[in-house]
Amino acid sequence: IQIPIITMEEFTYEEIRAKALKQGVKDNIFQVGMWAQFNGYMKCKRRRKGKVYTIYVALRRLAY
């Protein structure tokens, strides 16, 4: 039995913001975050080189 390897798609705020603006969302952090939540993205924090970054993970890729 082989278990499929699932790679999570990670997006930065700027990438999510660009997608939201194309659909007519107002350009502010709250509206972009709400758009991401309702369109299947989960907000996560990652630490890289001592700094904490906010990323968004596409939930549709996590489902089997």
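**Notebook: fold, helix packing and core**

I read the order of elements first: from the N terminus the protein runs β-α-α-β-β. That gives two helices and three strands. I note that the model is predicted.

**Confidence**

I checked pLDDT before going further. The protein averages 86. Of the residues, 83% score at least 70.

**Overall numbers**

I looked up burial for the chain. Buried residues account for 20% of the 64 residues. I also looked up contact range. Taking contacts between residues at least 6 apart in sequence, 33% join residues at least 24 apart.

**Helix pair**

How do the axes of α1 and α2 pack, and at what angle? I found an angle of about 85° and axes 10 Å apart. An angle of 65 to 115 degrees counts as roughly perpendicular, so α1 is roughly perpendicular to α2. I listed who makes the contact. From α1 come Y13, I16, R17, K19 and A20. From α2 come I29, V32, W35 and A36. I sorted these contact residues by type: seven are nonpolar, two are charged and none is polar.

**V32**

V32 lies in helix α2. Is V32 buried or exposed? Its relative accessible area is 0%. Buried means under 20%, so V32 is buried. Next I listed its partners, leaving out residues up to four places away in sequence. V32 touches Y13, I16, R17, A20, V25 and K26. V32 and Y13 are 19 residues apart along the chain. Their C-alpha atoms are separated by 8.6 Å.

**Core**

Which residues make up the largest nonpolar core? I count 10 residues in all: F11, I16, A20, V25, V32, W35, A36, Y41, Y56 and A58. I asked where they come from. α1 (13-22), α2 (29-38) and β3 (51-58) each supply at least two. α2 gives the most, three residues.

**F11**

I ended on F11, one of the core residues. I set aside its neighbours within four places in sequence. F11 is then in contact with I16, K19, Y41, I55, Y56 and A58. Core members I16, Y41, Y56 and A58 are among those partners of F11.

Conventions
Residues are numbered from 1 along each chain as its sequence is written. This is a predicted model: local features need pLDDT of at least 70, side-chain atom pairs count only at pLDDT 80 or more; totals for chains, interfaces and linings use all residues. Side-chain values use heavy atoms; hydrogens and water are left out. A nonpolar core is a set of buried Ala, Val, Leu, Ile, Met, Phe, Trp, Tyr and Cys residues joined through side-chain atoms within 4.5 Å. Buried means under 20% relative accessible area, exposed over 50%, partly exposed in between (1.4 Å probe, protein chains only). Helices (H or I, at least four residues) and strands (E, at least two) are DSSP runs, numbered from the N terminus. Contact means heavy atoms within 4.5 Å. pLDDT is the predictor's confidence in each residue, from 0 to 100. Axes are lines fitted to C-alpha atoms, for helices over the stretch in contact, and angles run from 0 to 180 degrees between N-to-C directions. Angles under 35 degrees count as roughly parallel, over 145 as roughly antiparallel, 65 to 115 as roughly perpendicular and the rest as oblique. Ala, Val, Leu, Ile, Met, Phe, Trp, Tyr, Cys and Pro count as nonpolar, Asp, Glu, Lys and Arg as charged, and the others, Gly among them, as polar.
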